[in-house]
Amino acid sequence: MRWRSLPVPNAGITQALTAQVTKDPLLSHLLASRGVKDYSGAKEFFRPTIAHLHDPYRMKDMDVAVERIEKARIAQEHVMVYGDYDVDGTTSVALVSEFLDGKFPIEAYIPDRYKEGYGLSFDGINTAAELGITLIIALDCGIKAFDQINHANTLGIDIIVCDHHRPGDELPKAKAILNPKRLDCLYPYKELSGCGVGFKLCQGLCDRWGLPLENHLYPLLDLCAISIAADIVQISGENRIMASHGMQLLVTGACRPGLLALIESAGKTPETLSFRDLSFTLGPRINAAGRMESGLRAVELLRSKEKEEQQELAAAIHVFNTDRRAAQGEIFEQAKEQLDTELYPYSNVLYEPHWHKGVVGIVASKIVEHHYRPTIILTKSGDQLAGSARSVTDFDLYEALSACEQHLIQFGGHKYAAGMTMHESQLPQFKKAFENYCKAHLKPEQLVPEILYDAQAHLSQFNDRFHKIMVQLEPHGPENPTPVFLLKDLIDAGKTKAVGSDSSHLKLHIKHASGGPSISGIAFGQGHLATDFAEGESFDALVSLTLNYYRGTTSLEVMAVDIRPQQELL
């Protein structure tokens with residue numbers, strides 16, 4: 001594991017923030033490294049407000065999309081709200097269908113992961129035609145659905161695409177395409193989630209219909225927060241505004257009842273919920289519906305008004321999630337056995353026809369953790385192979401798949417996560433092409449996982465005031481990571497010991513060898529170091545700062561991200 005410092009921010013900016021804002025150089029360092037440059041920037045960062053959301057009409061085609069929906073309202077057309085089966089797609093469908101409820105007849109639609117696959121499907125469009133639908137609002141998908149949209153056009157169905165995936169050089173012939181990543185779109189914030197694009201469409205409609213935002217738009221922000229966390233988009237700009245206000249709805253229990261039922265089924269309470277819980281607790285449960293049965297179950301839960309129904313759906317989704325975990329674990333073990341580091345030292349492309357399509361993305365992430373290489377997990381889907389890809393630091397999967405597209409039927413996604421389909425006969429050549437691309441473009445340091453940290457610190461800097469200000473940097477994610485600090489020359493302060501049923505974790509009580517205050521904490525998976533601590537060995541550690549709740553009292557403690565003997569070079 002490599003340790004690497006984030007770029008050191010400009011000293012002048014840090015000094016100005018210390019004088020004007022924080023009175024603490026370490027806090028100013030954290031702010032400056034997250035792009036804050038002055039007092040007004042700090043105020044906006046600490047107090048993200050809805051007023052700072054951009055005008056939705058700055059997005060290309062927003063006016064066209066809004067007018068087409070207004071036409072549907074006047075004519076009382078039957079409209080389909082269509083979204084992908086993952087968290088981003090299901091929250092998008094819940095958000096837009098809730099906003100449009102009562103404006104005209106609505107059909108919510110989530111494609112079957114196994115029969116239809118990702119994105120806009122011919123089956124979905126044909127179903128729309130059978131229902132007499134004349135407008136489809138496609139959320140979190142559609143930017144590469146050329147043939148499907150052409151098919152819809154022949155059936156007299158207009159399609160509004162609301163997507164955030166990277167488009168190709170050409171765009172499909174949809175009625176309107178809302179995607180801030182369009183090359184011809186001048187919208188100032190490019191990193192919206194799919195649900196975020198749907199939210200901007202609703203914001204545009206609020207403007208068109210003169211609806212007060214606080215009644216019609218703000219209650220939707222809990223869905224935006226979950227999509228932002230689960231889709232791992234940047235926590236900056238508009239995403240940070242939406243995530244912050246959405247989290248406020250969640251932690252105060254003011255969110256939709258279906259989410260409260262899901263929180264309860266996960267063994268959590270709203271007031272203790274963290275943004276990380278959205279990614280690793282609520283998100284996987286919402287995803288499990290689409291992985292194991294149907295994403296419509298998640299939409300039904302998110303929109304449910306009846307308490308009994310909410311509890312039943314949350315319980316069912318909990319079972320889906322349990323089944324998902326079991327399938328994931330079994331496939332992960334099988335995938336590890338396929339790793340071939342001699343023939344494919346720079347990539348992992350693994351395939352079994354019986355692997356559960358719903359968990360291949362999760363397994364890809366687990367394989368990257370186990371053997372740090374760009375990874376693709378494939379399974380049989382009908383007469384094709386379908387797969388999910390996950391990446392390593394700073395390796396662009398989308399570019400890699402673009403270079404190999406002659407061996408693919410289709411692909412799409414982001415820098416760090418993507419999906420693809422291919423014919424089984426294409427697999428051997430694809431594996432070779434993907435391996436060769438990875439070999440040519442991966443740098444040596446990208447073959448070793450790394451931990452980024454903000455700055456070196458001393459335990460004397462960690463106090464209640466520091467923590468109270470630091471937590472205002474939340475929510476954390478890409479572009480606004482959880483602060484991690486380097487602590488050097490640490491020793492046992494007298495109570496460090498291995499804990500856990502198998503003694504695999506390390507309960508810390510540490511101080512600097514030079515003296516000063518001590519602090520308690522935990523180092524998961526580091527129990528084997530207990531003997532070294534007992535013998536007085538000096539250690540360096542990368543830690544985050546958190547609060548420990550115990551019997552009604554709270555205290556600062558550290559969570560060790562990694563520990564190593566002090567003499568090792570960083």
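Let's start with Thr281, which is buried, with a relative accessible area of 10%. Buried here means under 20% relative accessible area, exposed means over 50%, and partly exposed is in between, using a 1.4 Å probe and protein chains only. One thing to keep in mind is that this is a predicted model, where local features need pLDDT of at least 70, side-chain atom pairs count only at pLDDT 80 or more, and totals for chains, interfaces and linings use all residues. Residues are numbered from 1 along each chain as its sequence is written, and side-chain values use heavy atoms, with hydrogens and water left out.

Back to Thr281. You'll find Thr281 in helix α13, residues 275–292. Helices (H or I, at least four residues) and strands (E, at least two) are DSSP runs, numbered from the N terminus. If we set aside residues up to four places away in sequence, Thr281 touches Ala266, Lys268 and Arg276; a contact means heavy atoms within 4.5 Å. Then there's Asn321, 40 residues from Thr281 in sequence, with the two C-alpha atoms 9.9 Å apart in space.

Now let's zoom out. The protein chain has 20 helices and 19 strands. Of its 570 residues, 52% count as buried. For 570 residues, a compact globule would have a radius of gyration near 25 Å, and the protein chain agrees, at 25 Å. That radius is taken over C-alpha atoms, and the globule rule is 2.2 Å times the number of residues to the power 0.38. Along the principal axes, the C-alpha atoms fill a box of roughly 75 × 55 × 50 Å.

What about contacts along the chain? Take those between residues at least 6 apart in sequence: 66% of them join residues at least 24 apart.

Next stop, helix α2, residues 25–33. How many of its nine residues are buried? Seven, so to speak a mostly covered helix. The buried ones are Leu26, Leu27, Ser28, His29, Leu30, Leu31 and Ala32. What covers them includes α1 (11–22), α3 (39–46), β13 (455–456), α19 (464–470) and β14 (485–492).

From the α1 side, have a look at Thr14, which lies in that helix. Thr14 is buried, at 12% relative accessibility. Leaving out neighbours within four places in sequence, Thr14 is in contact with Pro9, Pro25, Ser28, His29 and Ala32.

Moving to a strand: Leu178 sits in β6, residues 176–178. Is Leu178 buried or exposed? Buried, with a relative accessible area of 0%. Not counting residues up to four places away in sequence, Leu178 touches a list of residues including Met59, Met62, Val161, Cys162 and Leu201. Lys144 is 34 residues from Leu178 in sequence and 13 Å away in space, C-alpha to C-alpha.

Cysteines next. A disulfide is a covalent bond between the sulfur atoms of two cysteines. The rule used here asks for a pair of cysteine sulfur atoms within 2.5 Å, and by that rule the count is zero. Cys141 is buried, at 0% relative accessibility. For Cys206, the closest cysteine sulfur is in Cys202, at 7.1 Å, and that is too far for a bond as well. Cys206 also counts as buried, at 1% relative accessibility.

Last, a few backbone details. The peptide bond from Glu474 to Pro475 is cis, with omega near 0°, and Pro475 is in the loop between α19 and β14. In β14 itself we have Asp489, which has a positive phi of about 55° although it is not a glycine. Asp489 is partly exposed, at 29%. Gln76 has a positive phi too, near 50°. Gln76 is in the loop between α4 (62–75) and β2 (79–83), and is partly exposed, at 44% relative accessibility.
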